[in-house]
Amino acid sequence: MSDLQESTLRLATYNIHKGVRGLGPARRLEIHSLREGVRELAADLVALQEVRAFNHHEARRFAHQGWPEEGQAQYLAPEGFHTVYRSNAVTNGGEHGNALLSRWPILHVGHHDVSDHRLEQRGLLHVQVDWPGCPLHVVVLHLGLFAGSRLRQVHRLGAYLEREVPPDAALLVTGDFNDWRERLDPALADLQLHRAEVDGHRPQTFPSRAPIFALDRVYLRGLRCRRIEVPRGLPWARVSDHLPLVAELEPAR
């Protein structure tokens with residue numbers, strides 16, 4: 001591998017909607033299509049939200065369609081990838097959380113509860129990755145549905161980063177920010193985290209069939225964005241209510 005290839009990181013972030021789409025009798029299993037999609041993204045790191053380790057009700061319902069025996073993160077991971085998963089929310093018959101799939105070895109894993117109220121269970125997944133020549137800190141998150149909750153969760157993120165991540169370390173924070181009104185950038189900038197974009201382009205990812213909101217994002221410290229894009233088309237629109245966001249990153253010069 002050339003030095004240029006080693007210094008470029010391809011990241012994808014994706015809310016997979018627990019691998020299931022539709023309502024009532026029309027609910028359908030999409031985890032197998034998501035597995036193909038994750039491989040098609042050809043990313044070095046894949047950050048996932050709304051991932052299940054298990055759900056007894058869904059496993060029974062979709063048994064005839066091949067509900068995976070292992071957790072969804074392990075099932076989705078390309079061959080040879082390292083997998084980290086932590087649960088955030090316990091539900092009736094199951095749970096779900098965040099995951100990171102990594103081409104490179106994992107050096108450290110942390111998990112921090114940032115739940116703001118009893119109706120929403122939220123957490124930060126913190127993974128230190130042995131990216132060649134540049135140990136990298138990655139935080140995967142899925143922020144709350146209420147504006148006040150999201151802002152308080154960003155403040156808790158800041159306190160966590162101050163404790164756990166050296167200020168000169170390469171860092172990216174990614175996931176589903178649920179920031180419909182585009183209000184979180186200043187609070188994240190206070191943490192020296194700057195949004196990944198190219199020439200002001202901020203791709204929209206939600207809803208997947210006709211995206212108008214840029215809910216899925218990447219924020220960077222000690223890194224820069226070379227390219228950012230969202231794959232489009234019917235298969236992507238079908239398998240989740242979000243589209244994946246893909247960014248090519250490199251160390252800041």
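How much space lies in the largest pocket? The largest pocket holds about 340 Å³ of space. The model is predicted, so local features are given only at pLDDT of at least 70 and side-chain atom pairs only at pLDDT 80 or more, while totals for chains, interfaces and linings use all residues. Residues are numbered from 1 along each chain as its sequence is written, and side-chain values use heavy atoms, with hydrogens and water left out.

## The largest pocket

A pocket here is an open set of points on a 1 Å grid over the protein atoms alone, with protein on both sides within 12 Å along at least five of seven lines; lining residues have an atom within 4 Å of a point. Points are joined across faces, edges and corners, and a volume is the space filled by probe spheres set on them.

The largest pocket is lined by 24 residues, and the closest to its centre are Lys 18, Glu 50, His 96, Arg 122 and His 142. By class, the lining has 7 nonpolar, 11 polar and 6 charged residues. In this count Ala, Val, Leu, Ile, Met, Phe, Trp, Tyr, Cys and Pro are nonpolar, Asp, Glu, Lys and Arg are charged, and the others, Gly among them, are polar. Strands β5 (82–91) and β6 (94–102) each supply at least two lining residues, and β5 gives the most, with 4. Strands (E, at least two residues) and helices (H or I, at least four) are DSSP runs, numbered from the N terminus.

His 96 belongs to strand β6. His 96 is buried, at 16% relative accessibility; buried means under 20% relative accessible area, exposed over 50%, and partly exposed in between, with a 1.4 Å probe and protein chains only. Leaving aside neighbours within four places in sequence, His 96 is in contact with Lys 18, Glu 50, Val 51, Arg 52, Tyr 85, Ser 87, Asn 88, Ala 89 and Thr 91, where contact means heavy atoms within 4.5 Å. From C-alpha to C-alpha, His 96 is 16 Å from Glu 30, and the two are 66 residues apart in sequence.

## Cavities

Rolling a probe the size of a water molecule over the atoms shows where empty space is left. A cavity is a set of grid points where a 1.4 Å probe fits but cannot get out. The structure holds 2 cavities of 30 Å³ or more.

| Cavity | Volume | Lining by class |
|---|---|---|
| Largest | about 50 Å³ | 6 nonpolar, no polar, 4 charged |

The lining of the largest cavity consists of Arg 195, Ala 196, Arg 202, Pro 203, Ala 214, Asp 216, Arg 217, Val 218, Ile 228 and Leu 245. Strand β12 (residues 216–221) gives the most to this lining, with 3 residues. Around the second largest cavity are Arg 52, Ala 53, Phe 54, Trp 67, Pro 68, Glu 70, Gly 71 and Gln 72.

Pro 203 and Leu 245, both in the lining of the largest cavity, are also among the contacts of Glu 229. Glu 229 lies in strand β13 (residues 223–229) and is partly exposed, with a relative accessible area of 24%. The side chain of Glu 229 makes a polar contact with the side chain of Arg 227 at 3.1 Å. A polar contact is a pair of N or O atoms within 3.5 Å; within protein, one must be able to donate a hydrogen and the other to accept it, and residues adjacent in sequence count only if both atoms are side-chain atoms.

## Helix α2

In α2 (residues 31–41), the buried residues are Ile 31, Leu 34, Gly 37, Val 38 and Leu 41. Seen down the axis of α2, they fall within an arc of 105°, so they line one face of the helix; the arc is that of the directions from the helix axis to the C-beta atoms. The face turned away from the buried side carries the exposed residues Glu 36 and Glu 40.

## Backbone exceptions

Most residues other than glycine have a negative phi, and most peptide bonds are trans. Just after α2, Ala 42 takes a positive phi of about 55°. His 17, in the loop between β1 (9–15) and β2 (20–21), also has a positive phi, of about 55°. Gln 192 has a phi near 65° and is found in the loop between α6 (185–189) and β11. The peptide bond from Phe 206 to Pro 207 is cis, with omega near -10°, and Pro 207 is in the loop between β11 (194–195) and β12.
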